[in-house]
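Dear colleague,

I am passing on the structure below, together with some notes on its charged residues and one of its helices. Please read the notes with the coordinates open beside them.

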Amino acid sequence: MDMLNLPPKGLLGVLVTPLDEQGNIDAQSLESLVNSTSNYVDGFLAGVSFTGEGFLLSNEKKLELIRISLEIVRGRVPLILGITGNSGRETAENISALEKIRNASHYPGDIFLFDCPLWYHSNRGLFPHYQELGKLTELSFVLYNNPYLITRLKGHLRRKNIRTNVLKKLSGNERIVGLKHSGEAKRTLNYLRAVRERKDFIFYDGDELNFLNGPGPGGVISGGVNILPRDWKEIVDSSLNPHDSRKEDPDYCRHLWETGEKLKLFRSCYRSNPAAVLKTALKYRGIIKSNRVVEGTAPITQEEEKTIRSLLTEYRSEERRVGKECRSRWSPYH
């Protein structure tokens, strides 16, 4: 397979969906967010996220978000675009609509299709389903497995995970090039065994804590990168580069450990309500204008807002105190 058709490894940022006070997509805020993080990520996800908001957008707004994202990113980094609909037919229609948008804009960069099949489809028949979807596009697919999201938004009666034997069969389709898994570590190992015949298959950690505690080879898909892009970039680059000579410096190792602990602390703050907390943090930092969430998503509580504001104030103070010293000694991004 042509390497250009493979998704990026490393740090992929899940873009939150900025809305104005009327609930419309705020293109200016989205551009500000992309500009503040694009130098640190290896790719962006748009139109769907671990916050769950992307699944609650109307199809019309989802396609509008895709169009705006293409206009803003303009090929600077690879884009992985959510095309999951509420049915197989709607998903196919989304792919066809995306193709029209892409062709009309003559988009210059790499695009991959991001699909959470269990949102609208059972495990049964997934292989022929993707054969049919593949006839609609030349683009490749990255699949999404998130049992927590399915349970929270679809209920307990629906099967929550792609079955391991189904994933193994799906990996025989070369147009399926990666998987984001947000779930238990045991299933991660089973999935890795299932796709081991595909040396080019990218496996992303969808759980930031799992990656921080035991990074996988493909990288991580992160929502926290929206507010702490430099820190996430440093941790991911270090984790995927075991031969980094700076790791021989005890001070640098301590710095990495402290950075990882900081990321864990922030994650604990937004873990239970990521969309609202991340948007509030971005509004507090002046990157987006409103912390309004998609209808059906929980708004931020007073306690959550107090906690994230306190953390950001403390973080900014600490950055002013030691940032120049750390970046001059260790960071290649300064």
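A residue is called exposed here when its relative accessible area is over 50%, and buried when that area is under 20%. Please keep in mind that this is a predicted model.

With those cut-offs, helix H8 (residues 185–194) has Thr188, Tyr191 and Ala194 as its buried residues. They cover an arc of only 120 degrees around the axis, and therefore lie on the same side of H8. The exposed residues Ala185 and Lys186 are carried by the face of H8 that is turned away from this buried side.

As for charge, 13 salt bridges were counted. One of these joins the side chains of Asp42 and Lys233, at 3.6 Å from N to O. Because Asp42 belongs to the loop between helix H1 (27–37) and strand S2 (43–46), while Lys233 belongs to helix H10 (residues 229–239), the pair ties together parts that are 191 residues apart in sequence. Asp42 is partly exposed, at 23% relative accessibility, whereas Lys233 is buried, at 9%.

Within helix H3 (residues 59–73), Glu71 and Arg67 lie four residues apart, about one turn of the helix, and form a salt bridge whose closest N and O atoms are 3.0 Å apart.

Finally, a surface patch of positive charge is formed by Lys168, Arg193, Arg196 and Lys199; of these, Lys168 is found in helix H7 (residues 164–170) and is exposed, with a relative accessible area of 53%.

Definitions and conventions. Residues numbered from 1 in each chain as written. Predicted model: local features only at pLDDT ≥ 70, side-chain atom pairs only at ≥ 80, totals over all residues. Heavy atoms only, no water. Patch = residues over 30% accessible without salt bridge, like charges linked within 9 Å, V, L, I, M, F, W, Y side chains within 5 Å. Areas by Shrake-Rupley, 256 points an atom, 1.4 Å probe, with all protein chains shown as cover. Salt bridge = Lys/Arg side-chain N within 4 Å of Asp/Glu carboxyl O. Lys, Arg positive; Asp, Glu negative; His and termini not counted. Charge placed at Lys NZ, Arg CZ, Asp CG, Glu CD. Helix = DSSP H or I, 4+ residues; strand = E, 2+ residues; numbered from the N terminus. Buried < 20%, exposed > 50% of the residue type's maximum accessible area, 1.4 Å probe, protein only. Arc of directions from axis to C-beta.
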